[in-house]
Amino acid sequence: MRAKASLLLLAICGFALASCQVEEYAGIPSSEGDFVAVIVEDEYRPSSSIVTIPQLAAAISSPSTAVSLFPFSGMESDGIREIHFYNNDGFSFPYGSQTVTGVYDRTDDYYYLLMGSGSSAKGLVYTDSKRLDELASQAHALYEHDYAVCLAGYETFQGIALGTLSGFDASLYSNITFGYSNVGNTAGYSLVMERDNVNGNDYKLEFNVTMDLFEDGLYAITDCSYRIRELSLQFGSSRHYVKEYKFASAAEMDDYTLTKSNYVLSFVGASADDVSEGDFFGVF
């Protein structure tokens, strides 16, 4: 297994993405050979999966309208989230209004479901893994959804570049510009698409995706972003919508360190007060 540090397309921009320009690339993809093979979501487990939608001062008032003007799926605002995976099947992800962490101690057959920090840190202890397995499946499904959005974006990009995307009408766009680079074990692709005078606004989409060589010629997506600018033709003012994905290499998977003294722990159904999940989390 090989995984190299990402060549981040967004490193210079940080969260000020709306004013940032698409990176310059070494070439323009024009054949299938310019596109690397990417590992699919159910065959790859990162150490973390993060989706952010930066809060911008000049945000597009109706992102769904802007998103619908371009041929990518998954750009809509469906929340921000941070998911982590650890060695020995551990996980952490947002569940309802809380973030929950699952820790498997198979040596002693104890399974910890944790929430909170500091004085509010609490946890439930199970003697079988059923409940943790159920939540782990939900964490995996959430990650796989996000990774699949980025993979579909890459495939859409490829279809536009090669002219093979079904139903795509290039005449709707005043500008379509591609970028491509493959340096060492990192490949990156960029796309700019512009539509003019749609209900009094010009729209510009910048799509970026970066991936690192993972194993056996397959690449894993590390970064993916969509940036849309809406320019009012009447007032000359700009508004923006940004959505970013970041996946950390599975080669960096760590153990989750559980310090039991930091939590108020109770056995489910075994305490004097008949503690249940609802007493701790209120969302199960």
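**A colleague's note on this predicted model**

1. To start with the surface: the accessible area of the protein comes to about 13,600 Å², and 47% of that belongs to carbon and sulfur atoms. Such areas come from the Shrake-Rupley method with a 1.4 Å probe, and for residues only the protein chains shown count as cover.

2. A word on how to read what follows. This is a predicted model, in which local features need pLDDT of at least 70 and side-chain atom pairs count only at pLDDT 80 or more, while totals for chains, interfaces and linings use all residues. Residues are numbered from 1 along each chain as its sequence is written, and side-chain values use heavy atoms, with hydrogens and water left out.

3. The secondary structure comprises three helices and 13 strands; helices (H or I, at least four residues) and strands (E, at least two) are DSSP runs numbered from the N terminus. Of the 284 residues, 46% count as buried, where buried means under 20% relative accessible area, exposed over 50% and partly exposed in between (1.4 Å probe, protein chains only).

4. Two loops deserve a look. Asp 109 has a positive phi of about 60 degrees although it is not a glycine, and its place is the loop between strand S5 (98-105) and strand S6 (110-115). With a relative accessible area of 41%, Asp 109 is partly exposed. Asp 216, also not a glycine, has a positive phi of about 50 degrees and is found in the loop between strand S10 (201-215) and strand S11 (218-232). Asp 216 is exposed, at 75% relative accessible area.

5. Now for the rings. The structure holds 24 aromatic pairs: rings of Phe, Tyr and Trp (its six-membered ring) pair if their centres lie within 6.5 Å, and planes under 30 degrees apart count as stacked, over 60 as edge-to-face and the rest as tilted. The rings of Tyr 104 and Tyr 111 have centres 5.8 Å apart and planes at 85 degrees, so this pair is edge-to-face. Both Tyr 104 and Tyr 111 are buried.

6. Phe 157 and Phe 178 also form an edge-to-face pair, with 5.6 Å centre to centre and 85 degrees between the planes. This pair links distant parts of the chain, 21 residues apart: Phe 157 is in helix H2 (residues 130-162) and Phe 178 in strand S8 (residues 175-183). Phe 157 is buried, at 0% relative accessibility. Both residues belong to one aromatic cluster, whose members include Phe 35, Tyr 154 and Tyr 226.
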